[in-house]
Amino acid sequence: MTTDETQLRQELERTWAVPRGIIGWFSIVDHRTIGRRYLVTAFVFFGIAGLLAAAMRVQLAWPDSRFMGPDRYNQVFTVHGTAMMFLFAVPVMEGMGVYLVPLMIGTRNIAFPRLNTFSYFVYLFGGITLFAALATNTGPDVGWFSYVPLAGPDYSPGKRADFWAQLITFTEVAALAVAVELVATIFKTRAPGMSLNRIPLFVWSMLVMSFMIIFAMPAVVTSSSFLLLDRLVGTHFYNPAEGGDTLLWQHLFWFFGHPEVYIIFVPALGMVSAIITAFTSRPIFGYTAMVLALVATGFIGFGLWVHHMFATGLPQLGLTYFTAASMIISIPSGVQIFCWIASLWRGRPRFETPLLFALGFIAIFVLGGLSGVTLASVPFDLQVHDTYYVVAHFHYVLLGGAVFPLIGGIYFWFPKITGRMMDDRIGRWSFWTLFIGFNVTFFPMHFLGLMGMPRRVYTYPATMGWGMLNLISSIGAIALVAGGVLLVYNVVRSAAWGVEAGDNPWGADSLEWGTSSPPPVYNFLHIPVVEGRHALWARSEDAPIVTGIRSDTREVLITDVMDAEPSNKADYPNPTIWPFVTAVVTSAFFVGSIFTPWALPVSLPPLTVALVGWFWPKRSDLHTGEERPPALSEARA
Amino acid sequence: MSRCGLRIVPCALCLVLAACGREARPFDNIPSATANATTPALVQLYAGGVPTGPPPVSPFQQNAWGISEGKRLFDAYNCSGCHAHGGGGIGPALMDDAWIYGNHPANIFETIVEGRPNGMPSFRGKIPDTQVWQLVAFVQSMNGQAPIAALPGRSDHLSGGTPENLRPAVKPVQTGHQ
C-alpha cells in the first residue's frame, strides 16, 4: 500500500469513524451498525415468537389439553403471528438490505443515514411495547390480522387491540423509512458503471421490496389508525349501523397484507440468487427473466388481496378475477425456480451449507406454492378456509420461502459481517434438523385442515380424531427448536472462535466481497468503477477507480438512475443523537395515544424540539472559504 | 438493546399494576349459572343507611371484560327497556350524578337483586351473581366511575349517545327519592 493510500485510509477512518461511549452508541448513523442491530433484534424477536409457537404446539399436542387456557392461547397465537410478520420477517429482510445494499452497489453509507437510525429505534421500541403488553396480560388476542368487529370496541374490551394497532404504526413507520432509503440508495448512489442492468439480483429484490412497502404500508397504517380512532375516540369507520363497513377493514388490511408476504418473500429470492451464483461460480441463467419475474411478482402481488376474503360473500366477477390473479402470480415464481435449476444444472455446485438452504427453499417453497394455487380456487378455498390447511400453506411459503433463504444468507454473509466463517458441519446438522423438523411439523397440517380442524382453536375433543396428527406435528416442532438452537450456537460460537475469513471466501461476484471482512468504516478505500454485471469477476487488472471525492468530510458520489454516470456529490451527516431523541418522543406519542387522545397535542412540542435539533444546520455543513475540488475524474488504481 | 430495556422497566411497572386488573378474563373462574341465595343480604343497606362491616365490592370493578359483559347483559336482560342506555325513561337515568339508593357497588347490587320501590323489579334467582356484578360494574361505568382504560368505547349499533369512555366523570350524589 502506497503512502498515499495509507494517508487516504487514515483520513477516511477519521471521517467515517463510529462514535464510542454511551452517547455515541445512540448516535451512530452508520449503515453497517444499524443493519447488524436490525438483524440481532429481529432474531431475538424471532426466538421469542418461536417459543410462543412451541407453547402452542405443546397445548395442541393432545386433545382437551389444559396447558394453556383459551385467553392465554388467544394472546399467544396472536402475538406469535404478529411478532413473526411485523417484528421479524420484514425487519430482518430490511436489516440485510441496510447492511448489504450500500456495499453491493459501491457506496459508503445508505441514503438518509439519520432516518435509518430513527427507524431502528422506532422498530425496537415497538417490539418492546408489544412484548411488554404480552407480559402484562394485555397482549392482543384477536389474531394477527385483527378483524373487526372482533377487534372493535364491543368485542375487544380493554387495551389489547389498541396495542396491536399501535404496533402496526411503529413497524410501518420504520419499514417505510428503510424502504425510502433503499430506493434512494439504489437509484442514486451506485458506483459509476453499475447501470441498472448490472446491479446484483439481490439489489433488484431489495428495490422491488422497497417499492412494495411504499405502496402497501399506507393501507395498513390507515386501517389500524381507523381502528384506533374507533376504539379511542368513537368514530364509526367499521360500524355498519352508522354508515361504516366491517369489510372495509378486510380490504384495507389485505391490500397491505398480501403484498406484505411478497415483501417478505422477494428479498429471499434475491438471497437465493446470490447464493446460487456464488456456489456455482457462474452467472445466474436468465438475468433479464429473473429481474422481470421479480418486478412482475411485485406488481401482480397488489392484485390478489381479495383471495383472503373469498368467504365473505363477494360478487362472482370479483371471485373469478382474484382467482385468476392468484394463479397467475405463480408464473413469475415458477420462472425463477426454473432459472435457478438451470443455473445449478449447468454449473458444478459446491454443496456447502448456504447452498443446502437454498435447495431446501426450492423444495419447501414449491410445495407451499402448490397448496397456494389450490387455495386460489374458490370452491376449494370455501372448504378449507380458516382450517389448518391454510396454516400449513402459509408456513410452507413463509418458512420455506423466506426463512430458509434467510438462514442460508446468514451462513453466506456471516464471514463478511464478522470476518469469521461459520462451522460447516454444524451448519449441515442444523439444515437437516430444520428441514426434517419443518416437514414433520407442517405437512400433517394439510391433512388436519382437510379433516376440518379449524384455526385458532385452543383445544379439541378426542373424538374428532385429530390427536395423532397433532402429536406428530408437535414432535416435529421439537426438531425445529433443536435446529434453531443449533443455528444460534453456531452463530455465537463462530463469532467468537470461527476460522478467519478473507475478503472473498466463497469466490463470489458482487462488490461487497471486494473489501475486507468485516468492511472498514468507510466500506471501500476507493470507490470502484464497475465493468460488468458481476463486478468482481468482470474487474480487470487495472480497473478504474473514482477520485475527486473529499475524504475529510462525509462526501458521497451521486450518480444517474439508469447508467450510473456521475452527476454530483452529496454530504452525508455525522453521528448525531437527534434521531434517537426523535424516536423516543415518537414512541412515547404512539404509546400514549393508546390510552388518550391528549397524547397528540402533548407530544407535538417535544417532537418539534427533536425535529428542530435534527435539522439544525451545523457549522461543518457550510463550506466556507475553500474551493471545492474540480469535477471528479476516473484515475487508474 | 439491554440499555433501552432498562429505561422501559419503570414504565412497565406502571403498566403491570394497572393492566393485571384491567385485562383479566376470568373465564374459568365463573361458576355456572347459580341462582342467588335466598338468605338475607350480607349488608344492611337501605336508603341513607350506614353499612355494617365492609360491603362486598364487585370483582369486575376495574375489569374491562367484566364491564363489557355488563354492557352486553344490560341489553340482553332488557335493562335498557326502562333505563334506555343510561338516559332513563320509565326508570331513572343511570348516567347522571344522582343516585337514589347510593352508588357504592353493594348498593347497586342490592338494587338489582332486591328490587326497589316504584318499579325496579327484583332479579334474585333470575340473574346469576356473577352477571349481577358485571352489570354493577357497567352501571358504574356509565358515568365514569371506572378507570378510563377499562371503559367501553362506541358500540356496534346505531349511536346511542357519547360512548362511555368519552363521557366526563361525574361526582355521584346520593339524593334519595325526589
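What pLDDT does chain B average, and what percentage of the residues score at least 70? Chain B averages a pLDDT of 78, and 73% of the residues score at least 70. This is a predicted model. Its scores are ipTM 0.87 and pTM 0.93.

**Confidence along chain B**

Helix 1 of chain B (residues 2–23) has the lowest, with a mean of 54. Helix 2 of chain B (residues 64–76) has the highest, at 95. Over residues 1–12 of chain B, pLDDT stays under 50. For that stretch the model has eight contacts beyond four places in sequence. Where pLDDT is low, the predicted coordinates should not be read in detail.

**Where the chains meet**

The contact between the chains takes 31 residues from chain B and 26 residues from chain A. On the side of chain B that touches chain A, helix 1 and helix 2 of chain B are the elements that give two or more residues. Helix 1 of chain B supplies the largest share, ten residues. By class, this side of chain B has 19 nonpolar, six polar and six charged residues. Helix 1 of chain B is also where confidence in chain B is lowest.

**Two helix pairs in chain A**

Consider helix 4 (residues 70–105) and helix 6 (residues 160–188) of chain A. Their axes come within 10 Å and cross at roughly 15°. That angle is under 35 degrees, so helix 4 of chain A is roughly parallel to helix 6 of chain A. The crossing is left-handed. Residues of helix 4 of chain A in this contact include A:F86, A:L87, A:V90 and A:E94. Helix 6 of chain A meets them with residues that include A:W164, A:L167 and A:I168. The contact of helix 4 with helix 6 of chain A divides into 14 nonpolar, four polar and one charged residue.

Helix 12 (residues 353–376) and helix 14 (residues 388–418) of chain A form another pair. Their axes come within 8 Å and cross at roughly 160°. This angle is over 145 degrees, and the two helices are therefore roughly antiparallel to each other. The crossing of helix 12 and helix 14 of chain A is left-handed. By class, their contact has 18 nonpolar, ten polar and no charged residues.

**A hairpin in chain A**

Strand 2 (residues 555–559) and strand 3 (residues 566–571) of chain A run antiparallel, joined by five bridges. A:V556 stands opposite A:A570 in strand 3 of chain A. The hairpin has six residues between the strands. In this hairpin, A:A564 takes a positive phi near 55°.

**Backbone exceptions**

Most residues other than glycine have a negative phi, and most peptide bonds are trans.

| Site | Feature | Value |
|---|---|---|
| A:V148 and A:P149 | cis peptide bond | omega about 0° |
| A:S517 to A:P518 | cis peptide bond | omega near -10° |
| A:S281 | positive phi, not a glycine | phi about 50° |

Loops hold these sites. A:P149 is in the loop between helix 5 (113–135) and helix 6 of chain A. A:P518 is in the loop between helix 16 (467–497) and helix 17 (535–538) of chain A. A:S281 is in the loop between helix 8 (246–280) and helix 9 (287–300) of chain A.

Notes: Residues numbered from 1 in each chain as written. Chains lettered and ligands numbered in written order. Predicted model: local features only at pLDDT ≥ 70, side-chain atom pairs only at ≥ 80, totals over all residues. Pairing = 2+ DSSP bridges. Helix = DSSP H or I, 4+ residues; strand = E, 2+ residues; numbered from the N terminus. Axes fitted to C-alpha atoms, helices over the stretch in contact; angles between N-to-C directions. Parallel < 35°, antiparallel > 145°, perpendicular 65-115°, else oblique. Left-handed = near helix turned anticlockwise from the far one by under 90°. Nonpolar A, V, L, I, M, F, W, Y, C, P; charged D, E, K, R; others polar. pLDDT = per-residue confidence, 0-100. Contact = placed C-beta atoms within 7 Å.
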